[in-house]
Amino acid sequence: VKLNSKDLLQWVMRNTVESTEEALPEWSRQGAVFATTRGKSDMACFDEEMSLQHFYAGALTSRKAVDVIEGEVKSLERRVGEELDDFARDVLHKIYQTAQHYGREVDIVAAVFDEEYERELEKE
């Protein structure tokens with residue numbers, strides 16, 4: 001099989017799209033944490049869970065990236081509560097928009113760790 005420049009470009013583009021899709025949930029999580037904890041050092045610390053139960057007990061399921069991202073962002077919003085300022089609201093809105101645009105058709109495997117995700121799955 002002879003490869004040409006078109007094959008190379010297709011390979012590069014496919015890898016770029018795949019790596020961007022894989023990074024979308026982490027990008028959104030980091031942005032949401034930044035927005036909701038900026039200037040609030042007491043909120044910037046998260047409990048660290050290192051037990052095997054935490055890492056491996058949750059069921060894995062395929063979900064749309066946008067659903068996972070929205071669930072995580074809402075969880076951070078609830079954690080901060082009424083303390084969200086305009087900057088945080090604007091950043092979270094942009095994260096939602098980006099997730100809707102790029103993550104609507106992307107399936108990712110996500111662990112179901114909390115009861116809220118489990119309730120959402122039961123509705124589906």
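# Reasoning through a predicted helical model

Tutor: Start with S28. Leaving out residues up to four places away in sequence, S28 touches I69 and I95. S28 itself is found in helix α1. Keep in mind that this is a predicted model.

Student: Why does S28 count as buried?

Tutor: Check its value against the cut-off. Buried means under 20% relative accessible area. S28 has 2% relative accessibility, so S28 counts as buried.

Student: What does I69 touch, not counting residues up to four places away in sequence?

Tutor: I69 touches S28, and also L24, P25, I95 and A99. What counts as a contact is heavy atoms within 4.5 Å.

Student: Which residues in the largest nonpolar core touch the most other members?

Tutor: I69 is one of them. Helices α1, α3 (65–80) and α4 each supply at least two of its residues. Helix α4 gives the most, with six.

Student: Which residues does the second core include?

Tutor: Among them are A65, V68, I108 and A110. This second core has five residues and is separate.

Student: Why are α1 and α4 called roughly antiparallel?

Tutor: Take the angle. Helix α1 (residues 5–37) and helix α4 (residues 86–103) pack at about 170°. Angles over 145 degrees count as roughly antiparallel. Therefore α1 and α4 are roughly antiparallel to each other. Their axes are 9 Å apart.

Student: Which residues make that contact?

Tutor: From α1 come L24, W27, S28, G31, A32, F34, A35 and T36. They meet F87, A88, V91, L92, I95, T98, Y102 and G103 in α4.

Student: Now the loops. What makes G81 partly exposed?

Tutor: G81 lies in the loop between α3 and α4. Partly exposed sits between the two cut-offs, under 20% for buried and over 50% for exposed. G81 has a relative accessible area of 30%, so G81 is partly exposed. Its C-alpha atom is 9.5 Å from that of T36, and these residues are 45 apart along the chain.

Student: What makes R104 partly exposed?

Tutor: The reasoning runs on the R104 value. R104 has a relative accessible area of 43%, so R104 is partly exposed. R104 lies in the loop between α4 and β2 (107–112).

Student: Which residues does R104 touch, not counting residues up to four places away in sequence?

Tutor: R104 touches K64, V66 and A99. The C-alpha atoms of R104 and V66 are separated by 5.4 Å, although the two residues are 38 apart along the chain.

Student: Zoom out. What pattern does the protein chain follow along the sequence?

Tutor: The order is α-α-β-α-α-β-α. That gives five helices and two strands. Buried residues make up 28% of the 124 residues.

Student: Among contacts between residues at least 6 apart in sequence, how many join residues at least 24 apart?

Tutor: The share is 84%.

Student: Which elements have the lowest and the highest mean pLDDT?

Tutor: Helix α5 (residues 115–123) has the lowest, 50. Helix α1 has the highest, 92. The chain averages 81, and 77% of the residues score at least 70.

Methods
Residues are numbered from 1 along each chain as its sequence is written. This is a predicted model: local features need pLDDT of at least 70, side-chain atom pairs count only at pLDDT 80 or more; totals for chains, interfaces and linings use all residues. Side-chain values use heavy atoms; hydrogens and water are left out. Axes are lines fitted to C-alpha atoms, for helices over the stretch in contact, and angles run from 0 to 180 degrees between N-to-C directions. Helices (H or I, at least four residues) and strands (E, at least two) are DSSP runs, numbered from the N terminus. Angles under 35 degrees count as roughly parallel, over 145 as roughly antiparallel, 65 to 115 as roughly perpendicular and the rest as oblique. A nonpolar core is a set of buried Ala, Val, Leu, Ile, Met, Phe, Trp, Tyr and Cys residues joined through side-chain atoms within 4.5 Å. Buried means under 20% relative accessible area, exposed over 50%, partly exposed in between (1.4 Å probe, protein chains only). pLDDT is the predictor's confidence in each residue, from 0 to 100.
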